[in-house]
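Visitor: I have a model open and would like to be walked through it. Where do we start?

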Amino acid sequence: MNNQAVTIAKDNDGNSIWQFLLHELKPRGKWLTPFNIISIPIMLLGLGLIFYRFIYGIGSITNLSQEIPWGLWIGFDVVTGVAFAGGAYVLTFMVYILKMDKYHSLVRVTVLNGFLAYVFYAGALLLDLGRPWNVINPIIGNSFGTSSVLFLVAWHFMLYMLAELIEFSPAIAEWLGARRARKILSGMTIGAVIFGITLSTLHQSGLGALFLMAKDKIHPLWYSEFIPILFLVSSIFAGLSMVIFEGSISSKVFSDQISEKHHKAERGIIQGLSMICAVAMFAYLFMQLLVFIHDKNWAYINTPMGYWFLLEMIGFVLIPMILFFYSYRNNNTLMIRIAAILTMLGIILNRLNVTVIGFRWDAPVHYVPSWMEITVTLAVIFTEIWIFRWVINRMPVLRESPAWVKEEK
Amino acid sequence: MSINRRNFFKTVGIAGVTLAVGKSAGANSPESEKTEFRGMLYDATRCVGCLECEIACAKSHNLPEPTDELQVDVLRKTSEVKRCVINYHTTSKGEVLVRNQCMHCNEPACAAACLTQAMYKTKEGPVIWRADKCMGCRYCMVSCPFDVPKFEYFSANPKIEKCDMCYDRIMKGQIPSCAEACPAEALIFGTRRELLAEARKRIAENPTEYVDQIYGENVAGGTGYLYLSPAPFNEVGFNTKLQNTSYPALSKGFLYSVPSVFVLLPTLLLGIHKATKDNQSKDEENE
């Protein structure tokens with residue numbers, strides 16, 4: 001017992017936990033990297049704009065209007081960002097439920113990515129709330145709007161963040177050298193995974209279901225009663241494409257963290273993911289086709305919005321799908337990465353088409369985000385990357401767990 | 001009025017209270033059962049375009065009085081400082097005046113969308129907005145098929161503005177200020193049932209003067225505001241493509257599937273997890 005307390009309170013050098021944390025908070029490595037030079041001014045500007053917005057109102061920095069109440073912050077930050085965070089629930093399903101051990105090395109970084117995405121992109125939701133001090137109302141129970149899809153989504157966001165934090169917590173315990181805590185926390189993993197997958201299924205589709213009541217406002221090519229299921233299926237390949245894309249960057253930027261063994265396994269992992277993406281995209285395309293025929297949408301095809309729809313479906317779903325299939329067979333990693341980027345562009349396009357571009361497509365004045373909205377969005381993304389980098393450099397996420405973890409087993 | 005959840009709960013609640021308290025509480029129930037949706041009937045053939053209703057509305061809700069003039073085919077819109085507007089439309093039956101404000105749907109999309117019940121359909125009929133609950137997400141604006149709720153974009157403490165059918169006045173036994181101000185009786189207040197009967201009577205008595213339709217009787221599942229017009233409704237600024245069934249019903253299927261997913265999916269996942277578990281490697285699952 002005594003021994004445990006010592007391990008928690010002291011790190012290897014014998015310093016107290018606070019000195020250790022203080023030391024870890026300090027930045028490491030070079031300061032003037034190109035990424036820092038670009039991101040720091042944008043983050044500062046974004047922070048200033050956020051202050052301005054809370055004093056002068058949402059309209060002071062956004063181009064939102066009475067007809068178009070949701071813009072870039074919801075359509076991109078929240079709806080698209082959450083789709084990209086879908087990799088966490090797909091991978092935990094593969095690794096913990098189906099026991100595909102091949103992908104185990106990806107779980108931690110993907111869960112971390114997913115967790116940060118939820119914290120920041122759902123956090124960005126607060127910026128979009130006119131009366132954010134009332135955000136606790138749907139939680140504390142004095143006003144449960146249980147008939148609202150947004151009520152479901154809000155609760156799921158919160159619970160899912162908790163589930164992902166539990167899934168990631170063994171890494172934090174390893175970083176702090178807390179052996180006993182690690183043992184307890186990793187015992188909770190499978191429960192958190194099952195809970196997390198269930199929550200993800202419901203809120204990934206729930207983000208689509210948000211728009212079901214806007215039947216007369218969204219272009220018929222994008223509106224159907226099947227939006228929830230289309231959102232759910234597309235979140236599978238959106239999330240995995242993000243995993244491929246993020247992995248290709250991490251393996252360069254954080255190459256010192258990744259062991260020889262994992263470097264070698266990377267090729268096989270990416271190849272496997274590309275096949276899953278391809279199959280999910282095939283299912284998605286097939287469903288889109290069924291919806292298209294079922295809703296008798298032929299009349300819209302020969303219009304500008306129709307061409308836009310075809311561009312999305314062919315250019316950013318069909319072509320990357322073929323690329324995924326093709327490069328799976330030829331084991332072409334570069335091609336898989338290109339396909340992943342195309343797929344991600346397609347997801348951005350799709351989510352924006354439902355939430356922003358196709359929303360009130362017939363209105364005389366169209367919504368175009370202001371430069372200030374874009375700056376705030378970039379600032380949120382950069383802050384997330386900063387935190388991500390900080391965690392990767394300190395906790396055993398990409399690198400192997402410390403030796404004592406194996407000894408304990 | 002169809003039985004919605006609230007009415008159901010109300011009935012259950014009354015039954016429960018009656019059972020619990022006995023005779024004394026039972027005496028209250030006939031009165032509360034009498035509560036039915038109030039509404040307004042706007043007759044476009046009677047409106048003279050004096051804007052008295054707009055002025056009265058502005059006064060009773062502390063909003064600036066309208067300053068813009070009524071012009072033919074210049075569309076005036078409701079806004080965060082204007083809860084109702086009168087517009088002049090050129091139609092096949094000549095120029096027609098039509099008033100726009102919140103329709104007070106029987107099953108409002110805005111109230112179904114609201115995750116804090118800030119938008120709320122009262123049992124008296126008006127759909128009201130409650131500042132202490134609202135978090136300003138604007139999902140009501142996204143959902144409302146009539147684009148009614150307006151948001152104060154340039155305020156640090158923004159409110160949603162929309163017609164509340166003068167709910168406070170109704171609760172005091174008064175009629176809405178617009179109906180009180182109308183000199184031509186173009187706007188009358190009553191229970192929705194009485195107003196529908198009145199509207200049907202007017203059409204039957206003057207079939208040449210009105211189109212044979214009461215806008216609001218069926219649209220979006222029925223609304224508290226009812227309209228009579230001499231010209232077809234698509235010519236006087238209404239979107240006649242809106243569905244005649246309730247809007248909250250559109251997301252009902254999704255919401256009803258949630259409990260079953262919450263029970264079935266974890267069970268299935270746990271089952272697969274157990275089935276794929278390799279006894280030899282069970283120590284490694286924790287990571």
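Guide: Let's start with a term: a helix axis here is a line fitted to C-alpha atoms over the stretch in contact, and angles run from 0 to 180 degrees between N-to-C directions. Keep in mind that this is a predicted model.

Visitor: At what angle do helix H6 and helix H8 of chain A pack?
Guide: Two packed helices are described by the angle between their axes and the distance between the axes. For H6 (residues 104-128) and H8 (residues 149-176) of chain A, the axes are 9 Å apart. The angle between these two helices is about 135°.

Visitor: How many charged residues does the contact of H6(A) with H8(A) have?
Guide: On the H6(A) side, the residues that meet H8(A) include A:Arg108. From H8(A) come A:Glu164, A:Glu167 and A:Glu174, among others. Asp, Glu, Lys and Arg count as charged. By class, the contact has 13 nonpolar residues, one polar, and charged residues numbering four.

Visitor: How are H14(A) and H15(A) oriented to each other?
Guide: H14 (residues 304-330) and H15 (residues 333-357) of chain A have axes that come within 9 Å and cross at roughly 155°. An angle over 145 degrees counts as roughly antiparallel. H14(A) and H15(A) are therefore roughly antiparallel.

Visitor: Which class has 17 residues in the contact of H14(A) with H15(A)?
Guide: H14(A) passes H15(A) in a left-handed crossing. Their contact has five polar residues and one charged. The class with 17 is nonpolar.

Visitor: How many charged residues does the contact of H5(A) with H10(A) have?
Guide: In H5(A), A:Tyr89 and A:Phe93 are among the residues that meet H10(A), where the partners include A:Ile190 and A:Val193. Sorted by class, this contact has eight nonpolar and four polar residues. The charged count is no residues.

Visitor: Over in chain B, which residue of E9(B) is the bridge partner of B:Leu41?
Guide: Strand E1 (residues 38-43) of chain B pairs with E9(B) in the parallel sense over four bridges. In a regular strand the side chains alternate between the two faces of the sheet. On E9(B), B:Tyr225 and B:Tyr227 are buried on one side, and B:Leu226 and B:Leu228 are buried on the other. The bridge partner of B:Leu41 is B:Leu226.

How values were computed:
Residues are numbered from 1 along each chain as its sequence is written. Chains are lettered from A and ligands numbered from 1 in the order in which they are written. This is a predicted model: local features need pLDDT of at least 70, side-chain atom pairs count only at pLDDT 80 or more; totals for chains, interfaces and linings use all residues. Side-chain values use heavy atoms; hydrogens and water are left out. Angles under 35 degrees count as roughly parallel, over 145 as roughly antiparallel, 65 to 115 as roughly perpendicular and the rest as oblique. A crossing is left-handed if the near helix is turned anticlockwise from the far one by less than a right angle, and right-handed if clockwise. Buried means under 20% relative accessible area, exposed over 50%, partly exposed in between (1.4 Å probe, protein chains only). Two strands pair if DSSP finds at least two bridges between them. Contact means heavy atoms within 4.5 Å.
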